[in-house]
Amino acid sequence: MLKKIKNPWTHVPGYCCCGCCPTNEKGLRLEFYEEGDDIVSFWTPDPIYQSWRNTLHGGIQCLMHDEIGGWVVFKKFSTIGVTSKMETRYLHPVTMDGGIVELRARVTRQLRNVVFIQTELIQRGKICSTSNVTYFCSSQEKAESEYGFTGCEYEEE
């Protein structure tokens, strides 16, 4: 069952993330859900993000992989993190006319304050790209005192 995660940053002055800010008109405006161990998002490709004809730009795919990985850190560890390494594999083109893209991400390993996350970008049931992303996580105390992050809640149903 999908549980929608409430965006904890909407009250922060200057918040304008190109991945998840709902008021950034040029951004992706991703929303996130929790489903068991996975964090999930759905997005409809927009032609302004294409590279070659009818093909989603690889850099936008990387942005999506990185963004959902960050939300795994927010929700699963109740803190913030910074990307320290990301390896992306492109397996199949993501097309502009191929319908909704599904993003999925999950923790594969944790070593103290370093978290390893696997992400997938899926269109029409086919995994189009994957990433292995490594995040360096702050303590919960630092996330709250320096960034105002107090955790992720679910939206009311």
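**The largest pocket and its surroundings**

Modeller: In this predicted model, the lining of the largest pocket is made up of 13 nonpolar, 4 polar and 3 charged residues. The space in this pocket amounts to about 450 Å³. Its lining holds 20 residues, and those closest to the centre are Trp 9, Phe 74, Ile 80, Gly 81 and Val 82. Four elements each contribute at least two residues to the lining: α1 (58–77), β4 (81–90), β7 (126–137) and α2 (140–147). Among the sources of the lining, α1 has the largest share, with 6 residues.

In soluble globular proteins, nonpolar side chains tend to be buried together. Here the largest nonpolar core has 36 residues, of which Phe 32, Leu 56 and Met 64 touch the most other members. At least two residues of this core come from each of β3, α1, β5, β6 and β7.

Strand β3 (residues 38–43) runs antiparallel to strand β5 (residues 101–111), with 5 bridges between them. In this pairing Phe 42 is found opposite Glu 102 of β5. On β5 there is a further antiparallel pairing, with strand β6 (residues 114–123), and here the bridges number 10. Arg 109 faces Phe 116 of β6 across this pairing. The hairpin that β5 and β6 form has 2 residues between the strands, and Arg 112 adopts a positive phi near 55° there.

The charged side chains along these strands deserve attention next. Side chains of opposite charge can pair when their charged atoms come close. The model has 8 salt bridges. One of them joins Arg 104 to Glu 35, with 2.4 Å from N to O. Since Arg 104 belongs to strand β5 and Glu 35 to strand β2 (residues 33–35), this pair ties together parts that are 69 residues apart in sequence. Arg 104 has a relative accessible area of 15% and is therefore buried, whereas Glu 35, at 27%, is partly exposed.

A second salt bridge links Asp 38 and Arg 106, whose closest N and O atoms are 2.9 Å apart. Because Asp 38 lies in strand β3 and Arg 106 in strand β5, the contact ties together parts 68 residues apart in sequence. Asp 38 and Arg 106 are both buried.

Arg 106 also meets Glu 120 in a salt bridge, at 3.5 Å from N to O. This pair connects distant parts of the chain, with Arg 106 in strand β5 and Glu 120 in strand β6, 14 residues apart. Arg 106 has a relative accessibility of 18% and so counts as buried, and Glu 120 is buried as well, at 14%. Through shared partners, salt bridges unite Glu 35, Asp 38, Glu 102, Arg 104, Arg 106 and Glu 120 in one network. The Glu 102 of this network is the residue that stands opposite Phe 42 in the pairing of β3 and β5.

Technical notes
Residues numbered from 1 in each chain as written. Predicted model: local features only at pLDDT ≥ 70, side-chain atom pairs only at ≥ 80, totals over all residues. Heavy atoms only, no water. 1 Å grid on protein atoms, 1.4 Å probe; cavity = no way out; pocket = protein on both sides within 12 Å on 5 of 7 lines; lining within 4 Å. Points joined across faces, edges and corners; volume = space filled by probe spheres on them. Nonpolar A, V, L, I, M, F, W, Y, C, P; charged D, E, K, R; others polar. Pairing = 2+ DSSP bridges. Salt bridge = Lys/Arg side-chain N within 4 Å of Asp/Glu carboxyl O. Buried < 20%, exposed > 50% of the residue type's maximum accessible area, 1.4 Å probe, protein only. Core = buried A, V, L, I, M, F, W, Y, C linked by side-chain atoms within 4.5 Å.
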